[in-house]
Amino acid sequence: MKAASKTENMQPARYAELKGILEEQRREILSEVQGKMRDVRAEGASGEAQGVLDAAEASEADIQDDIEFALIQMKAETLAKIGEALSRLEEGTFGYCFECGDEISERRLRALPFAVRCKDCEEAREVAELRERQTARRSGGYLLDMN
Ligand SMILES: [Zn+2]
């Protein structure tokens with residue numbers, strides 16, 4: 001029997017497991033970001049101590065800073081997603097398949113913490129998308145116009 005209310009009484013063990021997965025990810029990312037921030041600051045400080053960088057070195061450092069910044073920004077976005085996932089976990093909607101409502105396996109969530117579909121539904125969707133693309137190509141984009 002699949003009651004619709006099952007999300008309201010998630011097994012405490014599963015809740016703890018999922019919370020553990022998310023918090024672990026959050027800890028990892030936070031320590032990575034903090035490590036990078038420290039590196040950036042340390043480099044900046046040593047650069048100042050040594051005096052002025054020449055132009056080539058400075059632009060290289062700029063590129064490096066841009067990359068670091070992009071990485072940190074990406075991590076920050078992931079942190080926001082983890083925050084959302086944690087609040088969905090509190091609501092009891094995290095860890096359930098968007099399509100069929102079944103539990104998404106802990107193994108899958110460990111690998112893909114933001115998975116919204118179970119493995120079966122994800123695979124079915126990929127197959128359907130592939131088929132759709134093939135159909136669209138065969139009909140020369142006619143289907144796309146219909147939508
Ligand atoms: Zn599913």
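Q: Over which residues does pLDDT stay under 50?
A: pLDDT (the predictor's confidence in each residue, from 0 to 100) stays under 50 over residues 1–6. For this stretch the model has five contacts beyond four places in sequence, contact meaning heavy atoms within 4.5 Å. The model is predicted, with local features needing pLDDT of at least 70 and side-chain atom pairs 80 or more, while totals for chains, interfaces and linings use all residues. Numbering starts from 1 along each chain as its sequence is written, and side-chain values use heavy atoms, without hydrogens and water.

Q: What makes Cys 97 (SG), Cys 100 (SG), Cys 118 (SG) and Cys 121 (SG) donors of the zinc ion?
A: They lie 2.3 Å from the zinc ion, and donors are N, O and S atoms within 2.8 Å of the metal (3.2 Å for Na, K and Ca). Along the chain their spacing is C-x2-C-x17-C-x2-C.

Q: Why is the arrangement around the zinc ion called tetrahedral?
A: The four donor atoms subtend angles of 103 to 115 degrees. Four donors count as tetrahedral if all angles lie between 85 and 135 degrees, so the arrangement is tetrahedral.

Q: Why does Cys 97 count as buried?
A: Its relative accessibility is 4%, and buried means under 20% (exposed is over 50%, partly exposed in between; 1.4 Å probe, protein chains only). Therefore Cys 97 is buried, and Cys 118, at 11%, counts as buried too.

Q: Where is Arg 117 found, and why is Arg 117 called buried?
A: Arg 117 is in the loop between helix H3 (106–111) and helix H4 (119–138). Its relative accessible area is 11%, so Arg 117 is buried. Beyond its neighbours within four places in sequence, its contacts include Cys 97 and Glu 122.

Terms used:
Helix = DSSP H or I, 4+ residues; strand = E, 2+ residues; numbered from the N terminus. Tetrahedral: all angles 85-135°; square planar, octahedral: opposite > 155°, others 65-115°.
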